Amino acid sequence: MALPYTHHYKLLFSALSLKKSGSLHLQPICCVQCNSNVSSSPFTEKHSLQRYQRDQWVYNNSNNNQQLISLDGDDQAASCSVPSDSDSIRLNDIASQLPELRKLLEVLKHKRESCSGHVPNNGPGNVFLVGTGPGDPDLLTLKAVKVIQKADLLLYDRLVSNDVLDLVGPDVRLLYVGKTAGYHSRTQEEIHELLLSFAEAGANVVRLKGGDPLVFGRGGEEMDFLQQQGIQVKVIPGITAASGISAELGIPLTHRGVAISVRFLTGHSRKGGTDPLFVAENAADPDSTLVVYMGLSTLPSLAQKLIHHGLPPDTPAAAVERGTTPQQRTVFAELKDLADKIKTAELVSPTLIIIGKVVALSPFWPQSSKQASCLVEN
Ligand code: SAH
């Protein structure tokens with residue numbers, strides 16, 4: 001079975017003890033790592049400043065507010081400089097774009113007024129809620145690529161990968177609205193307002209979301225708000241992390257005789273603590289596959305509860321960091337050991353967790369004792 005990225009992998013097996021007894025009963029602990037530099041993030045969180053520079057949106061250091069101004073048109077003569085102090089860049093990151101956004105809005109309105117003689121329908125523009133998949137740009141749909149190439153304004157957040165943003169048309173304005181520690185971030189209400197103002201000005205607005213916009217993406221809330229204001233939202237689905245990552249690892253999420261259903265859950269606690277919702281009781285089904293989004297911090301407690309409610313402690317499981325990107329790292333372990341293995345491997349967000357017998361069907365899951373304690377490099 002040819003899998004993408006196979007050449008990146010380094011398979012590190014340890015402490016494998018295997019019993020094959022007709023049913024799936026494997027006890028591997030395996031860490032699959034890629035050879036790339038793991039410190040560089042494939043996602044946009046660390047690159048928003050560079051994106052503004054691509055857009056020629058630069059910071060004017062001439063006043064305390066460090067307003068962001070454009071080098072386009074008449075502003076070309078203005079003296080612009082990027083402050084050397086990276087903290088001040090961060091502090092003014094997104095907030096300082098608002099003047100520029102206002103200007104863009106005026107340009108759009110003006111364009112619309114001057115065209116209205118020729119264009120009979122002067123209704124609102126289009127808002128597209130677009131899923132970008134888990135990171136590999138080849139996983140974008142053709143529809144998504146078409147839309148992101150001709151948008152006026154594109155709002156993106158943390159889990160949209162840089163490789164995906166490279167496909168955005170050169171004239172599209174990009175605005176980072178993700179939440180990253182140390183950065184200003186737009187509140188959900190502000191994002192709603194931005195989408196609305198630009199749609200009302202007749203713009204083609206694209207809201208990019210990692211994975212599928214309607215799977216743990218808050219896409220539904222943005223759609224709701226805009227629809228209440230009379231703006232129709234078009235949704236372009238994306239490959240959700242569960243599908244993209246399971247495909248990458250060769251894990252069938254359902255499999256005849258092994259898993260009759262698959263369940264996507266969030267590891268986020270409703271109360272913000274470490275209590276992984278109240279799902280463990282219902283989710284502890286050995287004949288189903290569980291895919292846990294945002295589950296890194298609550299996994300120790302979730303694993304314990306699943307076992308408490310009847311999931312076998314040796315249920316195969318995998319945790320995949322930065323799945324489908326060249327920086328992908330994967331930890332395979334039995335459920336009872338998974339949290340410890342993740343800690344040892346120091347996996348960071350975004351990480352997806354897959355729990356269920358189907359994980360042992362992955363070609364990367366150690367199949368025989370021959371593979372124990374061996375290091376395979378491609
Ligand atoms: N709408 C997204 C999910 C957003 S919630 C989707 O459909 O995939 C964010 C969580 O998704 C992360 O915490 C992580 O659990 C998972 N995730 C998204 N992209 C990922 C990736 N490339 N690698 C690993 N996990 C990912």
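Predicted model: local features only at pLDDT ≥ 70, side-chain atom pairs only at ≥ 80, totals over all residues.
**Exercise 1. Overall composition**

Task: State how many helices and strands the protein has, and what percentage of its residues count as buried.

Solution. 
- Step 1. The secondary structure consists of eleven helices and 15 strands.
- Step 2. The protein has 378 residues, and 49% of them count as buried.
- Step 3. The accessible surface comes to about 17700 Å². Carbon and sulfur atoms hold 52% of that surface.
- Step 4. Among contacts with a separation of 6 or more, 73% are between residues 24 or more positions apart.

**Exercise 2. Burial of individual residues**

Task: Classify E334, L104 and L142 as buried or exposed, and place each in its secondary structure element.

Solution. 
- Step 1. A residue counts as buried under 20% relative accessible area and as exposed over 50%.
- Step 2. E334 belongs to strand β13 (residues 329-334). Its relative accessible area is 1%, so E334 is buried. The side chain of E334 makes a polar contact of 2.8 Å with the side chain of K336.
- Step 3. L104 lies in helix α3 (residues 98-115). Because its relative accessible area is 14%, L104 is buried. Leaving aside residues up to four places away in sequence, L104 touches L153, R173 and F198. The C-alpha atom of L104 is 9.2 Å from that of D152, a residue 48 positions away along the chain.
- Step 4. L142 is placed in helix α4 (residues 142-149). Its relative accessibility is 68%, and L142 therefore counts as exposed. Between the C-alpha atoms of L142 and I236 the distance is 9.9 Å, although 94 residues separate the two in sequence.

**Exercise 3. The packing of helix α10**

Task: Identify which residues of helix α10 are buried and which elements they pack against.

Solution. 
- Step 1. Helix α10 spans residues 299-308, and its buried residues are L299, S301, L302, A303 and L306.
- Step 2. These buried residues pack against the strands β10 (261-266), β11 (288-293) and β14. They also pack against the helices α9 (280-283) and α11 (335-345).
- Step 3. Just after α10, G310 takes a positive phi of about 115°.

**Exercise 4. Backbone geometry in the loops**

Task: Locate F216, M294 and P350 in their loops, and describe the backbone geometry at each.

Solution. 
- Step 1. As a reference, most residues other than glycine have a negative phi, and most peptide bonds are trans.
- Step 2. F216 lies in the loop between β8 (204-209) and α7 (219-228). Its phi is positive, near 45°, in a residue other than glycine. With a relative accessible area of 38%, F216 is partly exposed.
- Step 3. M294 is found in the loop between β11 and α10. Although M294 is not a glycine, its phi is positive, about 55°. The relative accessibility of M294 is 36%, so this residue counts as partly exposed.
- Step 4. P350 occupies the loop between α11 and β14. The peptide bond that joins S349 and P350 is cis, with omega about 0°.

Note on methods
Residues numbered from 1 in each chain as written. Heavy atoms only, no water. Helix = DSSP H or I, 4+ residues; strand = E, 2+ residues; numbered from the N terminus. Buried < 20%, exposed > 50% of the residue type's maximum accessible area, 1.4 Å probe, protein only. Polar contact = N/O pair within 3.5 Å; in protein donor to acceptor, adjacent residues only side chain to side chain. Contact = heavy atoms within 4.5 Å. Areas by Shrake-Rupley, 256 points an atom, 1.4 Å probe, with all protein chains shown as cover.
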